[in-house]
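Good morning, colleagues. Please look at the sequence and the model, and then let us turn to the aromatic rings.

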Amino acid sequence: MKKVIVITGPTAVGKTKLSIEIAKRLQTDIINGDAYQIYQKMNIGTAKPTDDEKQGVTHHYMDFLDSSKTYSIAEFQKGVRECIDDLTSKNKVPLIVGGSGLYIDSVIKNYQFLEEKRSNEQSKYDSLTNEELHQVLANLDPDKASEIHPNNRKRVLRAIELISSNVDNTSRSKKNELVYDALIIFLNDNRESLYDRINKRVDKMLADGLIEEVKNIGINNYSMTSKVAIGYKEVIQYLNNEIDYNEMVELIKKNSRHYAKRQFTWFNRNENIHWIDVENGYDEVLFKSKKLVKDFLTKGEL
């Protein structure tokens, strides 16, 4: 199987800095593993790396889609796998970096998708109660399910349609099978320290112009998939006078913390992940990561 390296972890844990260092040492490129960094102009709220932060490392599958466009997991899987094939053909080890667990798993594991018409998608769930329908969504994507109230049946149905596209129910038993020889590194931190970093990051995003970024894109220029990105949906609420400024700030922080918690939960189910604690400092994180990568590739000095 083709070798792939994944660097993941909760929001604000420090994935970007480590990934750039590893990519430079391996002389390889980075493939985006974040569900929202694919969108153009959505830079501040998605913590998209700046040109300076990239340090010349090529990033694929990032910053290519207008925010008004919808995008499914099936499309993400297809595009990223094509990137992996291309880099492998150039004798580069693909390095996937991001925190979107379902999206990353759809690439490196045996997720299969089927195309269905929307009318069929809606009608086949007619007999389910709101709670049962919401559980269908939770089975597909617990992150998305946590964002939508079970009684909002229309949004739940739309989310199922966009997310699944649809996941082939006959292949659920195979979903945990890896289709690549993957090294998965998860950067871990204690909750108190992580939540403090998240709160400070939100303050910096706002200071850096998140509200202006949303205005420049246009509050009506977001698709069903892009407008639920944390930071953007709350700012849109604020600009629509649904909440005040302080409520907006607290909501972004709270939703970011909750998202980090869900990221822990998602990846904690994978026994093949290598956990690295960041609380002892970056030098130790880099040292342990380099050793894992070297052992995984079984060649040369990193």
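Is phenylalanine 64 buried, partly exposed or exposed? Phenylalanine 64 is partly exposed, with a relative accessible area of 32%; buried means under 20%, exposed over 50%, and partly exposed in between, with a 1.4 Å probe and protein chains only.

This is a predicted model, in which local features need pLDDT of at least 70 and side-chain atom pairs count only at pLDDT 80 or more, while totals for chains, interfaces and linings use all residues. Residues are numbered from 1 along each chain as its sequence is written, and side-chain values use heavy atoms, with hydrogens and water left out.

A search of the whole structure gives 10 aromatic pairs. Rings of Phe, Tyr and Trp (its six-membered ring) pair if their centres lie within 6.5 Å; planes under 30 degrees apart are stacked, over 60 edge-to-face, and the rest tilted. Tyrosine 61 counts as buried, at 15% relative accessibility.

Tyrosine 61 also pairs with tyrosine 71: the centres are 6.4 Å apart and the planes at 55°, so this pair is tilted. Both residues lie in the loop between strand S3 (59–60) and helix H3 (73–89), so the pair ties together parts that are 10 residues apart in sequence. Helices (H or I, at least four residues) and strands (E, at least two) are DSSP runs, numbered from the N terminus. Tyrosine 71 counts as buried too, at 11% relative accessibility.

Finally, Tyr61, Phe64, Tyr71, Phe76 and Tyr103 form one aromatic cluster.
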